[in-house]
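Biologist: Hi, could you walk me through this one? I'd like to start with how it is packed inside.

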Amino acid sequence: MNTFEEFESEVRGYCRSFPTVFSSAKGAWMTDTAGERYLDFFAGAGVLNYGHNPDKIKQALLGYLMRDGITHTLDMYSQAKQRFIERFNEVILQPRGLHYKFQFPGPTGTNAVEAALKLARKVTGREQVVGFTNAFHGMTLGALAVTGNSFKRAGAGVPLGHTASVPFDGYLGQDVDTLNYFEAMLHDSGSGMDKPAAVIVETVQAEGGVNVASVEWLQRLRQITAEHDIVLIVDDIQVGCGRTGSFFSFEEAGIVPDIVTLSKSLSGYGLPLALVLIRPELDQWAPGEHNGTFRGHCPAFVTATAALTFWEDGRLQQAVARKGQTVQRRLERMAKKLAPDARVRGRGLIWGIEFSDTALASRVSKACFERGLIIETAGIDDQVLKILPSLTISEDELQHGLDVIEDSLSAVLNGTDGATSAEANALAEAA
Ligand SMILES: *Cc1c(COP(=O)(O)O)cnc(C)c1O
């Protein structure tokens with residue numbers, strides 16, 4: 001039994017899929033204590049959009065630490081925060097014609113979601129928040145209440161209330177516009193749905209199985225929420241910061257949310273940092289009404305500011321578009337050849353391949369790990385293999401990872417993957 005199994009709580013999760021001890025990482029590669037190298041197609045669930053330890057961000061961080069730049073200020077003013085706010089405005093918001101106030105909640109995604117929900121309820125004076133089927137917004141009670149997964153919800157141990165779940169785009173098949181249902185519920189005072197304070201949505205449901213909302217659906221959702229004076233919150237924690245190509249995932253739809261939550265790749269370096277962007281009229285917080293000890297971590301502001309250099313020109317966005325096409329083309333070819341009833345979907349550099357045999361994705365992930373590739377599954381039954389490399393991965397590394405997926409999928413389908421032979425051995429021994 002290792003240290004982790006002996007002392008770390010049973011709640012530990014990802015280590016069960018990738019059971020080795022990692023010690024260093026660079027770019028798209030992770031190295032374990034035995035010196036084995038793994039290509040990373042998981043990127044910390046979207047934390048590492050610029051790869052592991054990117055040099056230009058690391059230099060900024062090291063420089064800041066070496067000159068005793070301040071690390072912690074609660075939410076007192078710091079030069080690091082000032083620079084971040086100014087650069088984020090210059091590089092991200094102003095060129096897109098966006099105007100938002102900045103709230104720095106505690107440093108995790110779920111902190112940002114809690115703050116957004118609280119503010120929407122306060123501003124509107126309404127209690128209900130609408131979320132979508134298969135949504136994922138975090139593990140604290142407010143965020144969990146708008147999360148779909150019944151296993152995670154049950155973990156709350158108390159009723160999760162003041163929310164309603166409505167069908168996401170595509171939930172009822174491609175021919176049904178699920179917003180017809182939502183809009184009818186809003187219009188009918190007999191629907192049993194109280195008028196919501198807010199709607200919270202992911203443009204691509206990453207944890208929920210790489211479900212992609214169409215541009216038209218997002219535009220209509222913006223229109224409906226505006227008409228009914230409902231706060232529209234886009235949770236861009238996983239698919240913001242360039243994951244879909246543009247900095248914000250909603251840019252393609254041309255919509256302007258009332259509130260945007262960001263975290264995961266915001267610091268660009270894996271340091272915890274979260275941000276709630278608030279339409280100025282909605283910024284009705286009283287001083288200190290929502291607080292937290294780690295509201296904006298100065299070293300994370302420094303790395304987040306350095307990460308903005310990736311957005312000073314269009315090169316990263318173009319690279320994501322190009323690499324996304326590579327992934328789509330190869331996954332579609334792979335599906336056609338090996339698993340014709342599998343469905344491939346995604347945007348930018350988040351892709352999923354959903355198998356009708358729900359056990360397949362986990363077996364492929366395991367076979368990939370045995371071949372030196374870190375790749376996760378998503379969806380309620382882990383039925384989707386989720387391709388989430390860093391945005392800065394090279395074309396060769398990307399092709400290599402896709403080769404490993406193809407080999408692993410063949411092995412699993414042929415029953416020659418490690419999993420089945422181990423299972424076969426166990427069966428043989430038991431017999
Ligand atoms: C990861 C994630 C969260 C929660 O972030 P944590 O840092 O784990 O609290 C919320 N929303 C989305 C869309 C996420 O992907």
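**Packing, rings and domains**

Modeller: Happy to. The buried residues of α11 pack against α4 (55-66) and α5 (79-93). Keep in mind that this is a predicted model.

Biologist: How many residues of α11 are buried?

Modeller: Ten of its ten residues are buried, so α11 is mostly covered by the under 20% cut-off. Among them are Cys298, Phe301, Val302 and Thr305.

Biologist: OK, stepping back to the core. Which residues touch the most other members of the largest nonpolar core?

Modeller: Phe88 and Phe248 do, in a core of 91 residues. Helix α11 (residues 298-307) supplies the largest share of this core, with seven residues.

Biologist: And where does this core lie relative to the domains?

Modeller: Between them, because domain 1 (3-53 + 314-430) and domain 2 (57-311) both give residues to this core.

Biologist: What about Phe247 and Phe248, stacked or edge-to-face?

Modeller: Edge-to-face, because their planes are at 90°, with the ring centres 5.0 Å apart. Phe247 is buried at a relative accessible area of 2%, and Phe248 is buried too, at 0%.

Biologist: Switching to charges. Which rings have a charge over them? I'm thinking of Arg37 and Lys56.

Modeller: Arg37 has its charged end over the ring of Trp29, 4.5 Å from the centre. Lys56 lies over the face of Phe310, and there the distance to the ring centre is 4.3 Å.

Biologist: While we're on arginines, is Arg330 buried or exposed?

Modeller: Buried, with a relative accessible area of 10%. Arg330 is in helix α12 (residues 315-338).

Biologist: What does the side chain of Arg330 make a polar contact with?

Modeller: The side chain of Asp403, at 2.8 Å. Not counting residues up to four places away in sequence, Arg330 touches Gln399, Leu402, Asp403 and Glu406.

Biologist: Now the domains themselves. How many residues are in contact across them?

Modeller: 31 residues of domain 1 contact 33 residues of domain 2. The centres of the two domains, taken over C-alpha atoms, are separated by 26 Å.

Biologist: Last topic, backbone angles. What is phi of Asp68?

Modeller: Near 55°, a positive value in a residue other than glycine. Asp68 lies in the loop between α4 and α5, and at 69% relative accessibility Asp68 counts as exposed.

Biologist: And Cys241, where is it and what is its phi?

Modeller: Cys241 also has phi near 55°, again positive and not in a glycine. Its place is the loop between β10 (231-235) and β11 (259-262).

Biologist: Buried or exposed, for Cys241?

Modeller: Cys241 is buried, at 2% relative accessibility, whereas Asp68 is exposed.

How values were computed
Residues numbered from 1 in each chain as written. Predicted model: local features only at pLDDT ≥ 70, side-chain atom pairs only at ≥ 80, totals over all residues. Heavy atoms only, no water. Core = buried A, V, L, I, M, F, W, Y, C linked by side-chain atoms within 4.5 Å. Buried < 20%, exposed > 50% of the residue type's maximum accessible area, 1.4 Å probe, protein only. Helix = DSSP H or I, 4+ residues; strand = E, 2+ residues; numbered from the N terminus. Domains from an automatic or database assignment. Phe/Tyr/Trp six-rings, centres within 6.5 Å; stacked < 30°, edge-to-face > 60°. Lys NZ or Arg CZ within 6 Å of the ring centre and 35° of its normal. Contact = heavy atoms within 4.5 Å. Polar contact = N/O pair within 3.5 Å; in protein donor to acceptor, adjacent residues only side chain to side chain.
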